[in-house]
Amino acid sequence: LPANIPPIAVGAPITMEINRQKRLICAAYHTAGHLLAELLSHVYPTLKGIKGNHFPGQGAVVFIEKEFK
């Protein structure tokens with residue numbers, strides 16, 4: 001934690017505020033990542049999305065080649 005924020009005790013109540021606009025943008029990036037992974041797995045059946053980063057300005061999906069037995 002930054003120096004100006006005291007440690008939070010276990011069980012202590014906390015208050016949070018969510019920026020609605022930023023949250024909706026992050027949700028849209030997240031959904032787009034899932035759609036991209038699904039689409040590419042149909043176009044390229046040997047690929048599988050294994051990891052994603054869904055933040056504005058840095059969205060990405062990591063793919064690997066599936067092993068067929």
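This is a predicted model: local features need pLDDT of at least 70, side-chain atom pairs count only at pLDDT 80 or more; totals for chains, interfaces and linings use all residues.
Residues are numbered from 1 along each chain as its sequence is written, and side-chain values use heavy atoms, with hydrogens and water left out.

The overall dimensions come next. The radius of gyration is 19 Å, whereas a compact globule of 69 residues would have one near 11 Å; the radius is taken over C-alpha atoms, and the globule rule is 2.2 Å times the number of residues to the power 0.38. Along the principal axes, the C-alpha trace spans about 55 × 30 × 20 Å.

Helices (H or I, at least four residues) and strands (E, at least two) are DSSP runs, numbered from the N terminus. Strands E1 (residues 47-53) and E2 (residues 60-65) pair in the antiparallel sense over 6 bridges; for two strands to pair, DSSP has to find at least two bridges between them. Within that pairing, Gly52 sits opposite Val61 in E2. The hairpin has 6 residues between the strands, and Gly57 takes a positive phi near 85° there.

Which residues does His54 touch, once neighbours within four places in sequence are set aside? They are Cys26, Tyr29, His30, Gly33, Gly59, Ala60 and Val61, with contact meaning heavy atoms within 4.5 Å. His54 belongs to the loop between E1 and E2 and counts as buried because its relative accessibility is 16%. Gly59 is in the loop between E1 and E2, and, with the neighbours within four places again left aside, Gly59 is in contact with Tyr29, Asn53 and His54. Among contacts between residues at least 6 apart in sequence, 30% join residues at least 24 apart.

| Pair | Apart in sequence | C-alpha to C-alpha |
|---|---|---|
| Thr31 and Gly59 | 28 residues | 11 Å |
| Gly59 and Leu39 | 20 residues | 16 Å |

Thr31 is found in helix H1 and is partly exposed, with a relative accessible area of 45%. Gly59 counts as partly exposed too, at 48% relative accessibility.

Finally, the segment before helix H1 (20-43) holds Ile14, which counts as exposed because its relative accessibility is 55%. Together, Ile8, Ile14 and Met16 make a nonpolar surface patch of about 370 Å². Patches take residues with over 30% relative accessible area and no salt bridge, joining like charges within 9 Å and nonpolar side chains (Val, Leu, Ile, Met, Phe, Trp, Tyr) within 5 Å. A salt bridge is a side-chain nitrogen of Lys or Arg within 4 Å of a carboxyl oxygen of Asp or Glu.

Methods:
Accessible areas come from the Shrake-Rupley method with a 1.4 Å probe; for residues, only the protein chains shown count as cover. Buried means under 20% relative accessible area, exposed over 50%, partly exposed in between (1.4 Å probe, protein chains only).
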